[in-house]
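Subject: Structure handover

Hello,

Here is the structure we talked about. Please open it next to this note; my findings follow below.

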Amino acid sequence: MYKYVVKRLLLLIPTLFGAAVLVFLLLRAVPGDVCQLRLGGGGEFIDPRALATCQEELGLNDPLSIQLVDFLVNFFTFNFGESMWTGRPVAYEIGLRFELSLQIAIMATFASIVIALPLGTISAIKQNTWIDYLVRTISIAGLAIPSFWLGIIIILGLLISTQHYLGTPWMPPIDYRPLWEDPGYNLSMLIWPALATGYRYSAVATRMTRSTLLEVLREDYVRTARAKGLLEKMIINRHALRNAMLPVVTIIGIEFAFLMGGLVVTEQVFNLNGIGKLFVESVGNQDYVMTQSLVMLVVTIFVLVNLVVDILYAVLDPRIRYS
Amino acid sequence: MALLEIDELKTQFFTSAGTVLAVDGISYTVEEGETVAVVGESGCGKSVSALSILRLVADPPGKIVGGRIGFMGRNLLELSDSEIRDVRGRHIGMIFQEPMTSLNPVLSIGTQLTETVIHHLGYSEERAASRSLELMEMVGISDPPRRLNQYPHHLSGGMRQRVMIAMALACEPKLIIADEPTTALDVTIQAQILELMKNLTRELGVAMIIITHNLGVVARYADRVNVMYAGKIIEEGSAEDVYHRPRHPYTLALLNSVPRVDQQRSAKLDPVEGQPPDLTRLDGSCSFRPRCRYAQEQCAQSFPELESVGEGHRAACFRSQEIAAGLEQVA
């Protein structure tokens, strides 16, 4: 097991290498560069000399091969460089936002599990009853409702209901404070976006739980458990759910990894300064250095989450053993 | 009073293709300590009849629509869900066909063995574990302490079926229902498992219903035999009678289709021609008629009742007397 984990972690290196080359080339394929945007982003005249100086400074005039090697060497020596747009170190910019994004991703994933497992289970047990239809409607709605709309509705709902019940409207705070400095303040800010995204991402997991559980409930060993006279509760919890969990764990893992960099709209609506927003801004600014680092970060997270998912497989299913 | 009395049991499946009359009014009894076989080809309703006893038929699409199953003075079909749960595994144990899929792959053998006694008899973990060791010893599993922590995929098919038997016997039930317990096993293992089941039921005084399509099993291990065809019992009697003095053309055909050691190797097998009928379209006639060599006019009119053809021996055929006479002539 230990060997396997080490092997998987070593595999991270070629994966990162491939991702690095790919994102490097793709970024360069987009016309224009950060200097043109910075100097002439508003549509004004660009001084060719200033442009040349800027490009020279940022190394944009070097041959592609040199730029690529520079990037790779710097990256693998953990020298991530400075943002081409703000000039601040990439590590600093990401560090500023990483905590918040990680916290939301964890909270949203937690919310999604807490919603999906019970709903999916009850929907499978009560298949084709009104409960099942209700749950399926809730989860379809989760998929269909755009997250920006849900976010706005949550904020409006908070404003209106606090106005109504407390007399003064209350809105989640908009300046971030870390969890350990001011937990109440932090949670009162982040719980809403976590719920909004958690609900959305619970939809797929709910449906997955329902369908795999339905499949498992038809298995022979569930019939054996029934023939033993066990309570339905024990049959579901002990015999069925564990077998049904593998695909659900996969889905939740992928969702978690996605949440780390993909919460662009939700961050916008709730006014959060997260990784997603930084990602979109740096792509828009053609900030090669920042974009590349962010892609590498997301790739690393994906690989690590996949590793965790694979380890969970082995925990859940004794037939799966790695060596 | 018999241990188990099945009376006019009817189980049907409601499907889009129509209502399947899987079990169509069967009656039989099982005395204490007795081994009763239910034989028949695939799809004749024998497994469904076994599952119906513990009300394990998947609903939907299946439903027990009529009859009575008397067990220890109660009608199993009228028990509440929690009452039937107390019978399952506690008073009636069940062994299934596929040992490969009938054990839960993610739970250890120990967990699966102990949960029945913990649930039904309120044993503590330790006591349940020692009971499990005892059971594994009893069913001939080597090195029980080690096996307890293993998972089903560590065990061979025969071993798994032994675990299934141990599970079924865990609460010292009065009756074991074995649904094709050896079908999925190698021939050599089959004999071992059957021998084990026979010995254990005899030792412990447990009655057993054994569902099988294997007439060899019937001959060796059963006291009495019910032959099923298209959802009905068409012949019943002692193993001796059914095997040596069949009175129904189907039983006769089944026996003739089995290779026998006491016959010449060159003798051709005589299969039962044709297909079993579609259980959604049964009319009132004898369902074996299309495949029957003895079919006559009368067989298309009505389904023959089970009638006595000897002591404790009944068959549902209009011409059972002639068959008897014919067999005697050959002999």
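Start at the end of the sheet in chain B. Gly70(B) has Asn75(B) in S5(B) as its bridge partner. Phe71(B) is bridged to Arg74(B) in S5(B).

Some ground rules. This is a predicted model, in which local features need pLDDT of at least 70 and side-chain atom pairs count only at pLDDT 80 or more, while totals for chains, interfaces and linings use all residues. Residues are numbered from 1 along each chain as its sequence is written, and chains are lettered from A and ligands numbered from 1 in the order in which they are written. Helices (H or I, at least four residues) and strands (E, at least two) are DSSP runs, numbered from the N terminus. Two strands pair if DSSP finds at least two bridges between them.

The sheet in chain B

The sheet is open and has 4 strands, in the order S2-S1-S4-S5 (chain B), with antiparallel pairing. Its edge strands are S2 (18-30) and S5 (74-75) of chain B, each pairing on one side only.

Take the pairs in turn.
- S1(B) and S2(B) run antiparallel, with 9 bridges. A hairpin links them through 2 residues. Ile6(B) stands opposite Tyr28(B) in S2(B).
- S1(B) and S4(B) are antiparallel too, with 8 bridges. Leu4(B) has Phe71(B) in S4(B) as its bridge partner. Thr11(B) stands opposite Ile64(B) in S4(B).
- S4 (residues 62-71) of chain B and S5(B) run antiparallel and share 2 bridges. They form a hairpin with 2 residues between them. In that turn, Met72(B) has a positive phi of about 50°.

Helix H1 (residues 46-53) of chain B lies across S1 (4-15), S2 and S4 of chain B. H1(B) runs at about 65° to S2(B). Axes are lines fitted to C-alpha atoms, for helices over the stretch in contact; angles run from 0 to 180 degrees between N-to-C directions. Contact means C-beta atoms, placed from the backbone, within 7 Å.

Two helices in chain A

The axes of H1 (residues 2-29) and H4 (residues 64-76) of chain A come within 11 Å and cross at roughly 140°. H1(A) is therefore oblique to H4(A) (under 35 degrees is roughly parallel, over 145 roughly antiparallel, 65 to 115 roughly perpendicular, the rest oblique). H1(A) contributes Ala20(A), Phe24(A) and Arg28(A) to the contact. H4(A) contributes Leu64(A), Leu68(A), Phe71(A), Leu72(A) and Phe75(A).

Best wishes

Note on methods:
Contact = placed C-beta atoms within 7 Å.
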